[in-house]
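Here is a short report on one protein model. Keep the sequence and the 3D view open as you read.

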Amino acid sequence: MKISGQYRAKCGDSPIWHETFGVIWLDTANKKIITYNPETTEERVYDALGWIKALIPTVDGQFIAVYKEGLYYLNFKLGQKKPFSFPPNLSEMHYLSDAKCGPDGQIWVGSADVFFQRFKETPHTAFSNYPFESAKLFSINAAGTVTEQLQAVSFSGGLEWDRKTNKFYHIDSSKQSIFQYQLTDNGQLQFEKLLYSFQAKEGFPKGLTIDGDGNLYVALYKGAVIAAQSEEPTRIVCLNPVTKHMMIDIQLPISHITSCTIGGKELNTLYVTTAYEPLAAYQIKEEPFAGYLLEIPLETTGVLPYEFESGLPAK
């Protein structure tokens, strides 16, 4: 394991691999976009122009950015954004969260309940099950039309698809669980199945990526209360969704990891985003890896992200 680049994020998140830029990841707390090219070690930091939650590449080399209230076309190099699509009835009690393009050509984007974080950062409720299910999972096509795909969600975390079977994996972090669905030819979800659940003391599943064999890499995020009270190590686990066997258990000397993706020239490096928030100043000094983008070599290879065919005119 080693640090990639020099940028230290208050809350790193949502990394993707991009063949032009290398690793693109976010500092959501400081509203920044960071690019890191592992071949040249070039690193650049851009203003995200708002509370950004995810970036989706398009087939023509541009990006759709997900902000807490909606989706925008974004040229982060020029500092320009243009409205694209806004899920209806998104109240002040919810915000958009993780998002990726799927094999059906749609953007899939989750939402989260604003009270979930407060619930998990309160000592007497941190290890309890979150009681509310008012968030949703949406899909959005190239015309910007929004379809509700899942209801009764509290915190829509990681999303991924098996490239061979079109099985869809969705994390509801509030339920400590990964769910499996079959994505139909008309872009609908069927056959919900609880795939795997984690204990609260392990942290809740958040970031998710997949390798070429269909194995899931899951980042287990621990909030401040759980990190302080749990004796469980901070981990990324590799789960075989067929056998439910934990194939790899990567333990990290950090309190807070957020997400991961597989990239690199040979697609055999795991990139992990981390956070130094909410550590106290003395704790940050004791955790030299906290906040940095980390890279870990793998013995497997990943897959390239699906790209969105947007209606934005060519550059």
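In what follows, Ala, Val, Leu, Ile, Met, Phe, Trp, Tyr, Cys and Pro count as nonpolar, Asp, Glu, Lys and Arg count as charged, and the others, Gly among them, count as polar. The model is predicted.

**The largest pocket**

Start with the largest pocket. About 650 Å³ of space lies in it. Its lining is made by 28 residues. By type, the lining divides into 10 nonpolar, 11 polar and 7 charged residues. Cys11, Lys53, Tyr95, Gln117 and Lys206 lie nearest the centre of the pocket.

Which elements supply at least two residues each to this lining? Among them are strand S2, helix H1 (115–120) and strand S10 (94–101).

**Strand S2 and its partner**

One of the pairings links Gly12 to Asp27 in S3. A hairpin of 3 residues connects S2 to S3.

A disulfide is a covalent bond between the sulfur atoms of two cysteines. How many disulfides does a search of the whole structure find? The search finds 0. Take two cysteines as a test case.

| Cysteine | Relative accessible area | Closest cysteine sulfur |
|---|---|---|
| Cys238 | 2%, buried | Cys260, 9.7 Å |
| Cys260 | 3%, buried | Cys238, 9.7 Å |

The closest cysteine sulfur to Cys260 is in turn that of Cys238. Both residues are buried: Cys238 has a relative accessibility of 2%, and Cys260 has a relative accessible area of 3%.

**A buried residue in a loop**

Now turn to Gln62. Where does Gln62 sit? Its place is in the loop between strand S6 (52–57) and strand S7 (63–67). Is Gln62 buried or exposed? Gln62 is buried, because its relative accessible area is 11% and buried means under 20%. The side chain of Gln62 also has a polar contact with the side chain of Asp60, at 2.8 Å.

Terms used: Residues are numbered from 1 along each chain as its sequence is written. This is a predicted model: local features need pLDDT of at least 70, side-chain atom pairs count only at pLDDT 80 or more; totals for chains, interfaces and linings use all residues. Side-chain values use heavy atoms; hydrogens and water are left out. Helices (H or I, at least four residues) and strands (E, at least two) are DSSP runs, numbered from the N terminus. Buried means under 20% relative accessible area, exposed over 50%, partly exposed in between (1.4 Å probe, protein chains only). A polar contact is a pair of N or O atoms within 3.5 Å; within protein, one must be able to donate a hydrogen and the other to accept it, and residues adjacent in sequence count only if both atoms are side-chain atoms. A disulfide is a pair of cysteine sulfur atoms within 2.5 Å. Two strands pair if DSSP finds at least two bridges between them. On a 1 Å grid over the protein atoms alone, a cavity is a set of points where a 1.4 Å probe fits but cannot get out, and a pocket is an open set with protein on both sides within 12 Å along at least five of seven lines; lining residues have an atom within 4 Å of a point. Grid points are joined across faces, edges and corners, and a volume is the space filled by probe spheres set on the points.
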